[in-house]
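Here is a short report on a structure with more than one part to look at.

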Amino acid sequence: MYGNTHLTEEEAKRLNVTDEDPEKLAAFEAKIDRGEKIEPGEWMPKEYRKQLLRMIEQHAHSEIVGALPEGTWITRAPNFRRKLALIAKVQDEVGHGQMLYSAAETLGKTREEMLNDLMNGKSKYSNVFNYPANTWADIAVIGFLVDAAAIVNQTINSKGSYGPYCRALERICYEEAFHLKQGHDNFVYLATGTPHQRAMLQEAMNRWYRPLIHFFGPPDRNSKHSEKLMKWKVKLASNDAMRNQFLDMYVSKIQEVGITLPDPNLHKNADGIWEFSDPDWDEFKRVSGGDGPCNKERLEVRRYAEMAHRWVREALMNPSDKYKIPLA
Amino acid sequence: MSLDPRVNRIDLSKIGNEEQHTNSHLITWEVFHQEKKGKQVIHVGIVHASNPEMALVLAKEQFARRGATTNIWVAKTSDVYSFSYEDEDIFETTPSKEFREAGYYKVRDRIEAYQAKNHTV
């Protein structure tokens, strides 16, 4: 599961100045234009490495932090079948995190450095995981719609230019298909269940509508998405384009079971573009800046895992082992 | 109070503010997966582990959660040798070496010309 990230104005500016060898840069860009993948160990512009690393690292963090809100409900799943599915899904998410850390590691930052930066707040994770899963119906909405949004994003990113990231994403998308289906199954069961179950689902849907609109990041008009990143196939679609694709695919699937979205202005224009009310981008900024309902708990749980299990890692380490950057 | 009963059991208020370690990470192992007997063993990714047994256990969790598996291999990343992508051009002429392909050898024309000339048909 993952939400999109965006560049600050300053970062976007920095991207457009380059001190790279023009010949190497031209050869690199020609490769990408031809649709070739870039592999670890190949020459790449410093900014390409930096932005890609930042993106994959944030994606990896999102996977392991994303396991936390759903993990909340493993002990309270309503029946054994749902419990098995939820355990499997949460295990997948952590596995996705590991695959993505590996892909990021090929760019030259160790997994330990990345986890440290997650804990000290230097690197971020998807904003959507700073919200709590209050009831079992929240698990249905997360499993169905947060995963659906993540699949839209990841399917697009899997066509990118960096080999290890694309390979990880292909595998991830394949596994996420199960997440989406089991989430939809859960969603439909609640929607077609007792009046109490329907009401619970509707309340959860109302809570998650705004975070879902926020999921793909700020609107294009406020987001300096660099043309350079598009050219290098680090970013493949704009935030608004992905959000539109998501609404196009899923609004009808929510409405077909009589669940409504809490936005009277949500509609599709004749030109195929979805309109919605202002989703309060200040809230998005505030929560992603650290002031959300669950930010503190998420990082504390991570810090606890790190500290409490350190002795195990230390007991296992061989002093003679020499670390080498993974190959692929 | 957290919404998460597991988090409440941990009691997060007890976490100390220990310093972060910066060099206590395990080495990586390249993982190779064989779907069934008779198929190729294919590289699928890496795991972090301190010994081959642990690498195999983690590789099973990571790469054998779905579909069929008959075996998994692991090898220390540092024990794998490879060419550099900068030397990719050493493989460039391979596709033009058609004389290594079965389809390059075509003699039917000659046989037919021979037969026509010698009236052997």
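## Strand pairing in chain B

β1(B) pairs with strand β2 (residues 41–49) of chain B in the antiparallel sense, over eight bridges. Strands pair here if DSSP finds at least two bridges between them. Helices (H or I, at least four residues) and strands (E, at least two) are DSSP runs, numbered from the N terminus.

This is a predicted model: local features need pLDDT of at least 70, side-chain atom pairs count only at pLDDT 80 or more, and totals for chains, interfaces and linings use all residues. Residues are numbered from 1 along each chain as its sequence is written, while chains are lettered from A and ligands numbered from 1 in the order in which they are written.

β1(B) and β2(B) form a hairpin, with six residues between them. B:G38 sits in the turn and has a positive phi of about 95°. Across the pair, B:H33 stands opposite B:I42 in β2(B).

β1(B) also pairs with strand β3 (residues 71–76) of chain B. Six bridges join these two strands, which run antiparallel. Here B:Q34 stands opposite B:N71 in β3(B).

How many of the eight residues of β1(B) are buried? Six are, so β1(B) is largely enclosed by the rest of the structure. A residue is buried if 20 or more other C-beta atoms lie within 10 Å of its own, exposed if 12 or fewer, and partly exposed in between; C-beta atoms are placed from the backbone.

Most residues other than glycine have a negative phi.

From B:D11 to B:N118 is 98 Å, C-alpha to C-alpha, across 107 residues of sequence.

## Chain A overall

Chain A has 13 helices and two strands. Its radius of gyration is 20 Å, close to the 20 Å that the globule rule gives for 328 residues, so chain A is as compact as a globular protein of that length. That radius is taken over C-alpha atoms; the rule is 2.2 Å times the number of residues to the power 0.38. Buried residues make up 41% of the 328 residues in chain A.
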